[in-house]
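Please open the model in your viewer and keep the selection tool at hand.

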Amino acid sequence: TRTRVGLGDPGRQFDWEAAFGRRARHVIDLGCGNGRYLIASALRRADCDHLGVELVPPARRLGSLRAGQRALTNCKFAWGDASEFIVSRAAPGSIDEAHLYHPQPYYERSKIDRRQLTPRILAALHRALAPGGVFVFQTDNPAFMRYAREVVPALFAWSEVEGAWPDDPGGRTLREIVARSQGLAILRAQAVKLELADDEVARRCAVLAEPEFDANKAGYGADERLQHSR
């Protein structure tokens with residue numbers, strides 16, 4: 001089973017029907033890693049087409065291999081930048097579920113512009129999701145938790161999930177499994193798209209903070225600034 005798909009030329013909208021050969025509900029994992037969540041979901045939900053976008057080639061290859069071994073025709077993996085995909089390649093209203101698990105917090109101050117949850121990306125997610133579409137977010141970084149709780153409710157009805165995911169009590173992702181083994185608190189949230197006009201989305205996003213939070217790792221963030229000031 002072919003489980004890899006190309007994204008095409010930069011800025012070109014992704015054609016789900018051409019990639020999967022049918023019309024179905026669309027589920028995307030933005031930075032899918034080795035595909036643990038996507039594959040489990042595709043096995044459970046044959047009526048949904050699942051796409052994982054991953055920038056790390058070995059992780060994408062492993063996910064594709066695992067999906068192919070299970071002959072999953074409703075699960076495909078693409079190499080690319082997940083943020084670029086949602087901003088430039090996702091057609092309006094084309095996605096039913098968007099999942100973002102444990103995005104890299106980027107502790108170094110010089111790299112915080114790479115964080116995957118910004119007002120711009122949040123607006124793009126809102127535009128890409130169909131009416132009633134769901135944005136799923138998970139992190140074990142306390143600063144990212146606070147930031148998500150602050151900005152996501154501007155465009156989505158925010159609801160946190162207590163305890164493990166019912167569909168996968170062991171953990172939807174490898175990072176979740178590791179974090180739980182280390183006793184880290186995990187934020188699990190599902191957010192439903194609010195029906196807002198484009199100008200209202202722009203107005204709300206204009207006043208949202210950028211993700212310039214201190215990611216709370218010794219040697220970086222506030223500690224780094226303090227060291228440089230001495």
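Select Asp-140 together with the residues that it touches beyond four places away in sequence: His-102, Met-145, Arg-175, Ala-179, Leu-184, Ala-185 and Ile-186. Contact here means heavy atoms within 4.5 Å. The model is a predicted one, in which local features need pLDDT of at least 70 and side-chain atom pairs count only at pLDDT 80 or more, while totals for chains, interfaces and linings use all residues. Residues are numbered from 1 along each chain as its sequence is written, and side-chain values use heavy atoms, with hydrogens and water left out.

Now display side chains. That of Asp-140 makes polar contacts with the side chains of His-102, at 2.8 Å, and Arg-175, at 2.9 Å. A polar contact is a pair of N or O atoms within 3.5 Å; within protein, one must be able to donate a hydrogen and the other to accept it, and residues adjacent in sequence count only if both atoms are side-chain atoms.

Is Asp-140 buried or exposed? Its relative accessible area is 15%, so Asp-140 counts as buried (under 20% relative accessible area; exposed is over 50%, partly exposed in between; 1.4 Å probe, protein chains only).

Finally, select Cys-32 and Cys-75. The closest cysteine sulfur to that of Cys-32 is in Cys-75, 8.1 Å away, which is too far for a bond. The structure holds 0 disulfides, a disulfide being a pair of cysteine sulfur atoms within 2.5 Å. Cys-32 is buried at 7% relative accessible area, and Cys-75 is buried at 0%.
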